[in-house]
Amino acid sequence: MSHILEVKGLTTAFTGDYGTDITVDHVDFYVDRGEVVCIVGESGCGKSVTSLSIMGLLNRGGAVIDGSVLFDGKNLLGLTEKELDEIRGNRMTMIFQDPLTSLNPVFTIGSQITESIRIHQKLEKEESRKRAIQILQKVGMPDAEAAMKKYPHTLSGGMRQRAMIAMALSCQPALIIADEPTTALDVTIQAQIMKQLQELQKELGMAMILITHDIGLVARMADRVYVMYAGQMIEHAQVKDLFLAPKHPYTKALLATVPGIYDSPERKLASITGVVPEKYDTIQGCRFADRCPYMKEKCLTYEDNEILENGHEVRCCRVGEWEAS
Amino acid sequence: MSNKIQAKEPLIVVENMKKYYPIKGGIIPHVTGYIKAVDGVSFTIHEGETLGLVGESGCGKSTLGRQLVGLEKPEEGCIRYAGRELTGMSEKELRKVRTELQMVFQDSHSSLNPRKHIYEILAQPMLYHHIATKATIQRELERLLDMVGLPKSVLERYPHEFSGGQRQRIGIAKALSLKPRLLICDEPVSALDVSIQAQILNLLRELQQELHLTCLFIGHDLGAVNYVSDRIAVMYSGKIVEVAPAKQLFQNPTHPYTKTLCNAVPVLQIGSGKPETLL
């Protein structure tokens, strides 16, 4: 079976008064039907730009300059806006981090969900209303019928995000992209919403791309993980392999920086020195080299991905070697 | 760590503290009710101890922190600091005591004056409170920057020139400049990336040990709070529902809310506590 989404060599650049910045640099990844793929990385590493490039939602001087995005075998980058609209919001939808700014404040929740159903599924008004109520119940909105008449600002953060998810699921998409869906929420609400989202994803057989910086969430949700750093995919593995045996020094360091609630008081957090580079498209060789404790001379010219067994990919020239030193 | 908690009078005693915010409504605006942000909270912090304060957003944990340094006036209740009542003090007395109670804010961008150099931001309070004189200020500043791991070249730069992590280091330096005994950290790492978060948490822990600071660490990330705290208090809708030593709280939570909280945290440590929730 072919992949539902296959991204090859995706390169996105932003042009401003200062020149051109390549924010996403030759990113390759794929998503199979019904699986959850996580893209994890720190802020500014290009993970949101990747998702916006796929959805065709780049603005302010951003443009995809190279590569292809195959959704169900069709290259999305070659489509016109009109053709894209038939897929976007229908077969492929997105959940944003901040539901208050992505919901329209002057329309009720109900009218926003039914609008999307009516446009994409070509259903009658009454029927789409029923569908909307059904989907709101599914995402765990208490008293769905009353919620239909409410405006976004009258709902709490968690309820707003539920409305957002309902809207994204209303057309039973084949792929859903969730960009930091619970970052703005409390842990208890996050746990509820992620559980619900996971159940719905299984029930409807959707594929999901979860973009996050929360490594705990990755462990809970993902089938496969891509680690992104400075605009590049630096490691890709099954979630188990990644957590048990990370092959990139950055991934290993990232896992070691997370404080847990069952830590012993003696544990000292490992920290990565330095900061994520702000402008990274001019860096020669490995982009993590200046923060990497295992850096050697050859790192400064290295570009390619190594492929290990079981689909484990890593962008490090000292793979298998740095662990020993 | 338990040897730090001694039987003598705690540094901070908070008794039955309350803070209500009025809700206004109606055609002719009048007070229709109150939001009980802090509703009868009591706790103590001993010298040299770090108390973590966790809870969901809107439960009143920040208000509580602001009350301790006098940024909010409590409705009712009292705060005793080193045996002296803070709540009944005059402005003049309070100003003196406040140098010993300092705060690190979540948003280092809005808590540093954008029009001043770091030199001015750090030096002015020290000169005003006679912590340093014109002659010694340069040496004092360098010592301070060294403590938080910044080069001395930062002094002639402005806050916007720094990354979030560096700005938070400046925020910490600013809080430490008046040689406080109690440091209140209100979500100091929640705006930072994980790799930077670890740097700041490590810095805070080192400083605590080095300077023998007493801390109130407010946060919603249970892992981070656990990392720096000796004891943790759990707050829920304006009340403290559970206080326990850090380790004990997460291993054996007793209050239902604490249990929910513990179960909600995604766990990834391999071979620790709860392996079944991993993967």
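Trainee: How much area do chain B and chain A bury between them?

Mentor: The size of an interface is often given as the accessible area lost when the parts come together. Here chain B and chain A bury about 3400 Å² between them, 61% of it on carbon and sulfur atoms. Buried area is the accessible area, taken with a 1.4 Å probe, that two parts lose on being put together, summed over both. Bear in mind that this is a predicted model: local features need pLDDT of at least 70, side-chain atom pairs count only at pLDDT 80 or more, and totals for chains, interfaces and linings use all residues. Residues are numbered from 1 along each chain as its sequence is written, chains are lettered from A and ligands numbered from 1 in the order in which they are written, and side-chain values use heavy atoms, with hydrogens and water left out.

Trainee: How many residues of chain B are in contact with chain A?

Mentor: Chain B brings 37 residues into contact with 39 residues of chain A. Contact means heavy atoms within 4.5 Å.

Trainee: How many polar contacts and salt bridges cross the interface?

Mentor: Side chains of opposite charge can pair when their charged atoms come close. The rule for a salt bridge is a side-chain nitrogen of Lys or Arg within 4 Å of a carboxyl oxygen of Asp or Glu. One salt bridge is found across this interface. Glu206(B) forms a salt bridge with Lys268(A), with the closest N and O atoms 4.0 Å apart.

Trainee: Which element of chain B gives the most to the side that touches chain A?

Mentor: Helix 6 of chain B, with nine residues. The elements giving two or more residues are helix 6 (194-211), helix 7 (222-228), helix 8 (246-251) and helix 9 (256-264) of chain B. Helices (H or I, at least four residues) and strands (E, at least two) are DSSP runs, numbered from the N terminus.

Trainee: Now the sheets. What is the strand order in chain A?

Mentor: Two strands pair if DSSP finds at least two bridges between them. In chain A, eight strands form an open sheet in the order 6-7-8-3-9-10-12-11, with mixed pairing. Strand 6 (92-95) and strand 11 (306-307) of chain A are the edge strands, each pairing on one side only. Strand 11 and strand 12 (residues 313-314) of chain A pair in the antiparallel sense over two bridges.

Trainee: Which parts does the salt bridge of Glu42(A) and Arg291(A) tie together?

Mentor: The side chains of Glu42(A) and Arg291(A) meet at 4.0 Å, N to O. Glu42(A) lies in the loop between strand 3 and helix 1 of chain A, and Arg291(A) in the loop between helix 11 (249-256) and strand 11 of chain A, so the pair ties together parts that are 249 residues apart in sequence. Over all chains the count is 27 salt bridges.

Trainee: And in chain B, what is the order of the open sheet of four strands?

Mentor: The order is 2-1-4-5, with antiparallel pairing. Strand 2 (30-45) and strand 5 (84-85) of chain B stand at the edges with a single partner strand each, so one side of each is left without a neighbour in the sheet. Arg80(B) stands opposite Glu85(B) in strand 5 of chain B.

Trainee: Where is there a hairpin in chain B?

Mentor: Strand 9 and strand 10 of chain B form a hairpin with two residues between them. Ser237(B) in the turn has a positive phi of about 40°. The two strands pair in the antiparallel sense over six bridges.
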